[in-house]
Amino acid sequence: MKFSFKFSSKPEKTIAALTASVVLAIFFDGKRKKRKRPEKYKSFPFRTAAYYRKIDDLLKRTLAKDLYKRQEHYNSPVLENLKIENGEFIDL
């Protein structure tokens with residue numbers, strides 16, 4: 001059985017990563033760590049954020065690779081970090 005799946009937009013990837021990170025945070029709740037070493041225990045939001053970073057990185061390298069290849073990147077760091085602001089109307 002072969003399974004093929006690609007993400008066509010960033011919101012799809014974000015929703016998939018968030019869902020997986022919440023499931024992992026619930027599944028691996030850290031009860032043993034809470035009993036043995038309470039100072040190392042992380043709350044639910046911190047566990048979810050940590051899992052999200054790991055899953056997001058994994059998706060960037062596998063299923064969502066095409067999304068990041070399609071992004072337009074510039075050679076110049078000035079153009080890469082350019083922020084466009086809304087213009088102001090001037091009455092003459």
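Student: What is the handedness of the crossing where H1 passes H3?

Tutor: In this predicted model, H1 passes H3 in a right-handed crossing. The axes of H1 (residues 10-27) and H3 (residues 44-61) come within 8 Å and cross at roughly 135°, so the two helices are oblique to each other.

Student: Which residues in H1 meet H3?

Tutor: Among them are Ala17, Leu18, Ser21, Val22 and Ala25 in H1, and the H3 side includes Phe44, Thr48, Tyr51, Ile55 and Leu59. By class, the contact has 12 nonpolar, 3 polar and 3 charged residues.

Student: Take Thr48. Buried or exposed?

Tutor: Thr48 counts as buried, because its relative accessibility is 11% and the cut-off for buried is under 20%. Apart from neighbours within four places in sequence, Thr48 is in contact with Ser21, Val22 and Ala25.

Student: New topic. How many salt bridges are there?

Tutor: The structure holds 3. In one of them Asp56 pairs with Lys13, with the closest N and O atoms 2.3 Å apart. That pair links distant parts of the chain, with Asp56 in H3 and Lys13 in H1, 43 residues apart. Asp56 and Lys13 are both buried.

Student: What else does Asp56 form a salt bridge with?

Tutor: Lys60, at 3.7 Å between the closest N and O atoms. Lys60 is partly exposed, with a relative accessible area of 35%.

Student: And what does Arg61 meet in a salt bridge?

Tutor: Asp57, at 2.7 Å from N to O. Both lie in H3, 4 residues apart, about one turn of the helix. Arg61 is exposed at 53% relative accessible area, whereas Asp57 is partly exposed at 36%.

Terms used. Residues numbered from 1 in each chain as written. Predicted model: local features only at pLDDT ≥ 70, side-chain atom pairs only at ≥ 80, totals over all residues. Heavy atoms only, no water. Axes fitted to C-alpha atoms, helices over the stretch in contact; angles between N-to-C directions. Parallel < 35°, antiparallel > 145°, perpendicular 65-115°, else oblique. Left-handed = near helix turned anticlockwise from the far one by under 90°. Contact = heavy atoms within 4.5 Å. Nonpolar A, V, L, I, M, F, W, Y, C, P; charged D, E, K, R; others polar. Buried < 20%, exposed > 50% of the residue type's maximum accessible area, 1.4 Å probe, protein only. Salt bridge = Lys/Arg side-chain N within 4 Å of Asp/Glu carboxyl O.
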